[in-house]
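User: Could you walk me through this structure, one question at a time?

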Amino acid sequence: MAEREYIDHLAASVLDNLRYQHDWTELQLLSHSPADNSLLPRPLITGLPPRQLYLHPDDQIEMLKSHADPEDRILETPVVEWVLPIHLSEKWTLRSFANVFDSMPPQASAAPDRVKRVLLATVHDDSTVVYYFMHDGIVKPRQN
């Protein structure tokens with residue numbers, strides 16, 4: 001029971017960090033999958049960042065080519081992101097991450113061909129939160 005309370009506290013800390021430090025909106029803390037209401041292996045957070053977190057360089061070039069006036073600001077439409085709160089001292093295996101990806105519903109985003117990904121929110125003892133993308137499977141690296 002104490003471990004579950006700790007995990008819930010960790011998730012609440014990350015949720016507050018996203019809301020108040022990074023200006024995310026439409027945040028939800030989920031303990032059950034929205035697809036089939038099954039229990040998630042860990043609480044996950046969904047929400048909208050203020051802007052797109054990552055735009056592939058090829059997509060950036062296309063966006064610039066299609067934009068008429070280079071002086072105007074190009075509007076980015078953020079997509080819903082999934083966040084997995086963990087603590088730096090936790091030991092995770094590939095199987096643990098696979099269980100998280102398997103519990104996530106299929107992507108219903110503006111980019112339906114996007115591979116499932118989660119934003120790994122790693123919390124340190126001093127409450128610093130560092131974010132990394134983690135993808136389900138192999139993702140082709142960008143070409144320089």
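Predicted model: local features only at pLDDT ≥ 70, side-chain atom pairs only at ≥ 80, totals over all residues.

User: Is His-87 buried or exposed?
Analyst: His-87 sits in strand β3. Its relative accessible area is 8%, and the cut-off for buried is under 20%. So His-87 is buried.

User: Which residues is His-87 in contact with, leaving aside its neighbours within four places in sequence?
Analyst: Contact here means heavy atoms within 4.5 Å. With those sequence neighbours set aside, the contacts of His-87 are Tyr-6, Leu-10, Val-123, His-124 and Asp-125.

User: In what order do the elements of the protein run?
Analyst: Helices (H or I, at least four residues) and strands (E, at least two) are DSSP runs, numbered from the N terminus. The protein has 3 helices and 5 strands. Starting at the N terminus, they go α-β-β-α-β-α-β-β.

User: What span does helix α1 reach from its first C-alpha to its last?
Analyst: Helix α1 covers residues 2-21, which is 20 residues. The expected span is 1.5 Å times one less than the number of residues. That comes to 28 Å for α1, and the model is close to it, at 28 Å.

User: Why do the buried residues of α1 end up on the same side?
Analyst: They are Ile-7, Leu-10, Ala-11, Val-14, Leu-15, Asn-17 and Leu-18. The arc to look at is that of the directions from the helix axis to the C-beta atoms.

User: What do the buried residues of α1 pack against, and which exposed residues are on the face turned away?
Analyst: The buried residues pack against β1 (25-32), β2, β3, β4 and β5. Turned away from that buried side are the exposed residues Ala-2, Glu-5, His-9, Tyr-20 and Gln-21.

User: Is Asp-16 buried, partly exposed or exposed?
Analyst: Asp-16 belongs to helix α1. Its relative accessibility is 38%, so by the cut-offs of 20% and 50%, Asp-16 counts as partly exposed.

User: Which residues are buried in helix α3, and what do they pack against?
Analyst: In α3 (residues 94-103), the buried ones are Phe-97, Val-100, Phe-101 and Ser-103. They fall within an arc of 165 degrees, so they line one face of the helix. On the other side, Leu-94, Arg-95 and Asp-102 are exposed. The buried residues pack against β2 (39-48), β3 (81-87), β4 (117-123) and β5 (129-135).

User: How is the aromatic pair of Trp-92 and Phe-97 arranged?
Analyst: Rings of Phe, Tyr and Trp (its six-membered ring) pair if their centres lie within 6.5 Å; planes under 30 degrees apart count as stacked, over 60 as edge-to-face and the rest as tilted. The structure holds 1 aromatic pair. The ring centres of Trp-92 and Phe-97 are 4.8 Å apart and their planes are at 25 degrees, so the pair is stacked.

Methods. Residues numbered from 1 in each chain as written. Heavy atoms only, no water. Buried < 20%, exposed > 50% of the residue type's maximum accessible area, 1.4 Å probe, protein only.
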